[in-house]
Amino acid sequence: MRDIAIFSGSAHVELAEEICQYLSVPLLPSRTSRFANDCLEVQLQANCRERDVYLIQPLVPPVQDNLVELLLLLDAARGASAARTTVVMPHYAYARSDKKDAPRISIGGRLVADLLSTAGAGRVLTMTLHSPQVHGFFSVPVDHLHALRELAAHFQPNDLSNTVVVSPDLGNAKAATAFARILGVPVAAGAKQRFSDDKVVITDIIGDVRGRDVIVLDDEIAKGSTILELLDRLRERDVGQIRVACTHGLFSSGALDKLQAQDDVLEVVCTNTVPIGKDKHVPKLTVLSIAPALAEAIRRIHNGESVSSLFH
């Protein structure tokens with residue numbers, strides 16, 4: 001591949017290195033330093049002039065530091081006369097701030113999208129946004145991938161004859177339906193109400209789950225409040241084996257330990273869109289790599305080929 005330059009922020013260097021291995025290109029060096037007044041400075045330590053530059057940085061904790069670092073990377077690439085700059089953002093944390101559901105609150109998902117384009121992003125490559133409308137917050141082209149194929153490939157070797165896919169809420173039901181279609185199984189969904197960041201109530205399960213094995217599918221797991229509430233409702237319906245799957249395994253506030261402690265949960269599956277710390281390595285956790293999918297999308301973007309065909 002000619003005229004391509006790939007850099008990584010500090011959020012998830014391991015994923016960036018894996019993507020570069022699939023593309024057979026080097027991960028170019030960059031430097032991020034912090035001044036005494038807590039301001040960041042970024043330097044791209046390789047030539048960018050008239051090159052296709054890709055900046056790999058998921059927005060993961062510490063989100064604000066990683067966001068500012070990404071903005072500075074974009075500004076550095078623009079100042080270095082990059083021909084085109086693409087942000088590869090496997091996880092867009094501010095996608096959850098996608099609506100005004102209370103007076104006088106900001107819509108962070110739209111604001112951060114504006115910041116990225118203002119800083120110099122010409123295109124964004126991301127994966128499994130929290131809601132479809134977030135795609136429309138960006139004023140630059142967005143290639144929005146999903147990890148349903150990778151997750152489905154993990155479960156397909158199992159006996160799925162008595163399995164149902166369950167979405168924790170109706171907002172994720174479309175993705176759950178597509179996932180169930182790949183697996184050839186039925187789908188159900190929870191009727192969820194969210195009262196705060198960690199207060200969730202699921203009042204009912206829409207669909208037939210009684211006596212069936214269950215694969216719970218969500219876009220991300222942070223504190224795990226929704227999943228734990230859903231497990232209680234599923235147990236009331238005497239389901240069989242339970243497996244939990246998501247794209248973004250954030251696992252904050254001890255969520256993974258709580259899921260690990262559930263005797264009827266056989267497995268928790270996520271992808272490596274966000275870094276999974278070594279301290280979060282537990283027997284029930286399986287982490288799938290989405291580096292091949294992101295690498296193929298980068299190759300197609302660089303060569304002017306269709307990215308949408310990755311979904312077929």
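Colleague: Okay, in which hand does α1 pass α8?

Modeller: Bear in mind that this is a predicted model. Here the crossing of α1 and α8 is right-handed.

Colleague: And at what angle do helix α1 and helix α8 pack?

Modeller: About 60°, with the axes 9 Å apart; α1 covers residues 13-23 and α8 covers residues 291-303. Angles of 65 to 115 degrees would count as roughly perpendicular, so α1 and α8 are called oblique to each other.

Colleague: Which residues make the contact?

Modeller: Start with the general idea: an α-helix has 3.6 residues a turn, so residues three or four places apart point the same way. In this case α1 brings Leu15, Glu18, Ile19, Tyr22 and Leu23, while α8 brings Ala291, Pro292, Leu294, Ala295, Ile298 and Arg299. By class, that contact has nine nonpolar residues, two charged and no polar ones.

Colleague: Now a single residue. Is Asp143 buried or exposed?

Modeller: The cut-off for buried is under 20% relative accessible area. Asp143, which sits in strand β7 (residues 142-145), has 12%, so Asp143 is buried.

Colleague: What does the side chain of Asp143 pair with?

Modeller: The side chain of Arg123, through a polar contact of 2.8 Å. Leaving aside neighbours within four places in sequence, Asp143 also touches Val124, Leu125, Thr126, Ile301 and Val307.

Colleague: Last one: which residues of helix α4 are buried?

Modeller: In α4 (residues 148-155) they're Leu148, Glu150, Leu151, Ala152 and Phe155. Their cover includes α5, β11, β12, β13, β14 and α8.

Technical notes: Residues numbered from 1 in each chain as written. Predicted model: local features only at pLDDT ≥ 70, side-chain atom pairs only at ≥ 80, totals over all residues. Heavy atoms only, no water. Axes fitted to C-alpha atoms, helices over the stretch in contact; angles between N-to-C directions. Helix = DSSP H or I, 4+ residues; strand = E, 2+ residues; numbered from the N terminus. Parallel < 35°, antiparallel > 145°, perpendicular 65-115°, else oblique. Left-handed = near helix turned anticlockwise from the far one by under 90°. Contact = heavy atoms within 4.5 Å. Nonpolar A, V, L, I, M, F, W, Y, C, P; charged D, E, K, R; others polar. Buried < 20%, exposed > 50% of the residue type's maximum accessible area, 1.4 Å probe, protein only. Polar contact = N/O pair within 3.5 Å; in protein donor to acceptor, adjacent residues only side chain to side chain.
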